[in-house]
Amino acid sequence: MRRCSALLISLMLAISAQANDASSPPSKPIKQASASAKEEASAPKEKEKETRKSSKEKESKESKDAAKDAMAADELAVKIAERLALLRKEKDDVARASTRAVARSPAYVAPVRKVTPAKPKEGNEHGSSAIIAAMGGHGAVHWSYDGEGGPTNWGKLNSANAKCDIGDRQSPIDIRDGIRVDLEPINFDYKPSGFNVIDNGHTIQVNVAAGNYISIMGRNYELLQFHFHKPSEERVNGRSFDMVVHLVHKDADGKLAVVAVLLERGKAQNIVQQIWNNLPLEKNLALAAPTAIDINQLLPEKRDYYTYMGSLTTPPCSEEVLWMVMKETVEISSEQIAIFGRLYPMNARPLQKTAGRLIKESR
Ligand SMILES: [Zn+2]
């Protein structure tokens, strides 16, 4: 390709040189002009006129030729540009075809089809519907936490992700300067539940059976799934934490509410161990666990929290998500952090602008 471009560029240079020649006084007309000058000395006026006329005709013919040459050069330049564009397109097509080949390979698609989430996928942060949508894109780059599919490009990967770029109530944020008030307690109604674990390519997610709720501000939200980030996506007064678990809930109107529990290095957590014990060997293949999980174990003793309106922290970055970040952290052992770190060393979206949003906190 480079050699080909070099050839085309030298061809372009040769052509432009030719075009320049055509616009500067050509050597041939000078000779002709001196010849006609000799004739002029001996010729009668009529002939002189004729000579001038034919000289003018010649000049106009030559300028026409020059224009023609210039046009030909332009056309050639256009053709070269077209050819270059074609070569580039061919190269891109080859790259796309190989991406599509990967996306179409059974190993890549089939496991996703086999996924049987315990709850509806719509609106799920990290939901498998988002994976399928991203994979179904026209050879689109899959979103990730670095490189071409990284957070700064999420909005450009798919028009459905526009909010990631243009949204003004995005998450995560650095939680600070909250208004201290008597916040209504979150009423947690979690019970031991069946669950499955999926490594969806962005995080480890736990899909739970129906029947787990929170109620807040007169609304009932059902727990759909929870998942982990390393390090914590949200910060509190600029401070980041080892990990965070996001419990994603949805109410009957489809409104989302996420409870975030910040995880700090300390003693091991039973519930985390139970999830890690059931890690599936393959990505995008949900593994049903043989025992029930008690999600209450994930919650801190003290239930004070920060709250603000934000978004999903993954594409499509949908807004109008009610966030409740627990003030008290929960411990998790170094070994448990390390296990997650082997799969996802970094899966946190960068901080987003608070942009004057109101943050409230329990006092
Ligand atoms: Zn999350």
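Does Asn237 count as buried or exposed, and with how many C-beta neighbours inside 10 Å? With 9 such neighbours, Asn237 counts as exposed, where a residue is called buried if 20 or more other C-beta atoms lie within 10 Å of its own, exposed if 12 or fewer, and partly exposed in between, the C-beta atoms being placed from the backbone. The structure is a predicted model, in which local features need pLDDT of at least 70 and side-chain atom pairs count only at pLDDT 80 or more, whereas totals for chains, interfaces and linings use all residues. Residues are numbered from 1 along each chain as its sequence is written.

The secondary structure of the chain comprises 9 helices and 15 strands; helices (H or I, at least four residues) and strands (E, at least two) are DSSP runs, numbered from the N terminus. Of the 363 residues of the chain, 28% are buried. Among contacts between residues at least 6 apart in sequence, 69% join residues at least 24 apart, a contact being a pair of residues whose C-beta atoms, placed from the backbone, lie within 7 Å.

Strand β12, which spans residues 305–310, is mostly covered, with 5 of its 6 residues buried. This strand is joined by 6 bridges to β13 (residues 321–326), and the two run antiparallel; strands are taken to pair if DSSP finds at least two bridges between them. Within this pairing, Tyr305 has Met326 of β13 as its bridge partner. Strand β12 is also joined to β15 (residues 360–362), here by 2 bridges and again in an antiparallel arrangement, and Thr307 stands opposite Lys360 in β15.

Several features of the backbone occur in loops. Most residues other than glycine have a negative phi, and most peptide bonds are trans. The peptide bond from Ser171 to Pro172, however, is cis, with omega near 0°, and Pro172 is found in the loop between α7 (162–166) and β1 (174–175). A cis peptide bond also joins Lys230 and Pro231, with omega about -10°, and Pro231 is placed in the loop between β7 (219–229) and β8 (235–236).

Positive phi values are found at Asp177, where phi is about 55° although the residue is not a glycine, and at Asn237, a residue other than glycine with phi near 50°. Asp177 lies in the loop between β1 and β2 (179–181) and is exposed, with 10 other C-beta atoms within 10 Å. Asn237, for its part, belongs to the loop between β8 and β9 (243–251).

Terms used:
Contact = placed C-beta atoms within 7 Å.
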